[in-house]
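These are my notebook entries on a single protein chain. I set down what I looked up, in the order in which I looked.

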Amino acid sequence: PDDGPSVRDARTYLAGLDIPKGWGHIDPRELLTNADKRGEHFLTVMDLDPTSSACKTLHRIFPLIRNAGMHKTRKLRQMCMQADTHDSGTIAIRSFAGVLSWIAIRLKQEEMDILLELLRVDPHSDHVDYRRFFSLMAPPMAEIRGDVVRDAYAKLRAGAPGGLVEAADLQRHWRPRCHPEVQRGILSEGEAMDEFLRQWDIADADGRVSWEEFLDYYQDISMAVEQTEVFVEIVRHGWSL
């Protein structure tokens with residue numbers, strides 16, 4: 001059987017891994033330096049009138065989620081998935097409002113009506129597509145974001161026995177000083193490490209961390225970190241790249 005690529009060709013292997021649509025397709029230099037381009041792309045992705053009630057509602061909610069902490073976006077998405085008992089990608093609007101209330105975001109009835117109109121897949125349903133909500137929250141994905149995540153996984157894979165990354169490798173190599181709340185003095189390095197390790201729900205019985213799981217984690221972090229240069233620094237600092 002094919003045991004996968006050797007450690008020596010880890011980078012070649014990773015170059016062929018799938019980065020979902022959105023991780024690229026925009027000139028990263030413009031996104032790093034041009035706030036207008038970032039705004040334009042945001043509205044293009046959303047396909048919304050910037051003066052619309054929906055756009056104003058999202059512009060109120062998204063910064064509150066990001067400001068709640070680096071891992072709060074991931075927790076909110078996981079809470080939505082847990083509430084989605086039929087794995088349909090939708091939950092009731094009041095359940096969605098309850099999830100947001102976990103980080104003290106209180107939706108007014110008018111805002112719930114706006115989100116229902118924007119996110120529901122069935123005009124006769126009270127369920128919203130939470131997956132679309134989080135995709136709208138994702139900032140423009142400059143290719144540099146995907147590249148630095150690839151580099152981090154390549155480094156872990158190159159140092160792992162047999163090229164198989166395990167949860168213990170994450171614990172051994174991740175540097176908690178990269179966490180913004182450690183840098184601001186809100187969390188200790190020990191607290192940041194505990195928080196980081198809680199983010200990994202390893203599906204493999206051997207504790208292995210696949211590329212897909214690693215990318216999934218950083219897609220959530222990317223939603224929480226709007227500035228590309230800050231995201232890149234978090235990844236680079238976290239894995240000593």
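Entry 1. I began with aspartate 216, which is partly exposed, with a relative accessible area of 26%. For this term I used the following cut-offs: buried means under 20% relative accessible area, exposed means over 50%, and partly exposed lies in between, with a 1.4 Å probe and protein chains only. I then noted that the model is a predicted one, in which local features need pLDDT of at least 70 and side-chain atom pairs count only at pLDDT 80 or more, while totals for chains, interfaces and linings use all residues. Residues are numbered from 1 along each chain as its sequence is written, and side-chain values use heavy atoms, with hydrogens and water left out.

Which residue does aspartate 216 meet in a salt bridge? I found arginine 77, with the closest N and O atoms 3.0 Å apart. A salt bridge here is a side-chain nitrogen of Lys or Arg within 4 Å of a carboxyl oxygen of Asp or Glu. Aspartate 216 lies in helix H13 and arginine 77 in helix H5, so this pair ties together parts that are 139 residues apart in sequence. Helices (H or I, at least four residues) and strands (E, at least two) are DSSP runs, numbered from the N terminus. Is arginine 77 buried or exposed? It counts as buried, at 17% relative accessibility.

Entry 2. I next looked up aspartate 220, which counts as buried at 1% relative accessibility. Its side chain meets that of arginine 77 in a salt bridge (2.7 Å, N to O). This pair links distant parts of the chain, since aspartate 220 is in helix H13 and arginine 77 is in helix H5, 143 residues apart.

Aspartate 220 also forms a salt bridge with arginine 74, where the closest N and O atoms are 2.8 Å apart. Because aspartate 220 lies in helix H13 and arginine 74 in helix H5, the pair ties together parts that are 146 residues apart in sequence. Both aspartate 220 and arginine 74 are buried. I recorded that Arg74, Arg77, Asp216 and Asp220 are linked in a network of salt bridges. The structure holds 10 salt bridges.

**Entry 3. How the two helices meet.** Two packed helices are described by the angle between their axes and the distance between the axes. H5 and H13 pack at an angle of about 115°, with their axes 7 Å apart. The axes are lines fitted to C-alpha atoms, for helices over the stretch in contact, and angles run from 0 to 180 degrees between N-to-C directions. Which residues make the contact? I listed Thr73, Arg74 and Arg77 of H5, and Asp216, Tyr217, Asp220, Met223 and Ala224 of H13. Contact means heavy atoms within 4.5 Å.

**Entry 4. Helix H5 by itself.** I checked the length of H5, which has 12 residues (72-83). At 1.5 Å a residue it should span 16 Å, and its end C-alpha atoms are 16 Å apart, which agrees. The expected span is 1.5 Å times one less than the number of residues. The buried residues of H5 are Thr73, Arg74, Leu76, Arg77, Met79 and Cys80. Their cover includes helix H4 (53-67), strand S1 (90-92), helix H6 (93-101), helix H8 (130-137) and helix H13 (211-224).

Entry 5. In helix H12 (residues 189-197), the buried residues are Ala192, Met193, Glu195 and Phe196. Seen down the axis of H12, they fall within an arc of 160°, so they line one face of the helix. The arc is that of the directions from the helix axis to the C-beta atoms. Among what covers these residues are helix H10 (167-173), helix H11 (180-183) and H13.

In helix H14 (residues 228-238), I found Thr228, Phe231, Val232, Ile234, Val235 and Gly238 to be buried. Seen down the axis of H14, its buried residues fall within an arc of 155°, so they line one face of the helix.

**Entry 6. Two positive phi values.** Most residues other than glycine have a negative phi. Aspartate 87 has a positive phi of about 50° although it is not a glycine. Aspartate 87 is found in the loop between H5 and S1, and counts as exposed at 59% relative accessibility. Serine 240 has a positive phi near 55°. Serine 240 is in the segment after H14 and counts as partly exposed, at 36% relative accessibility.
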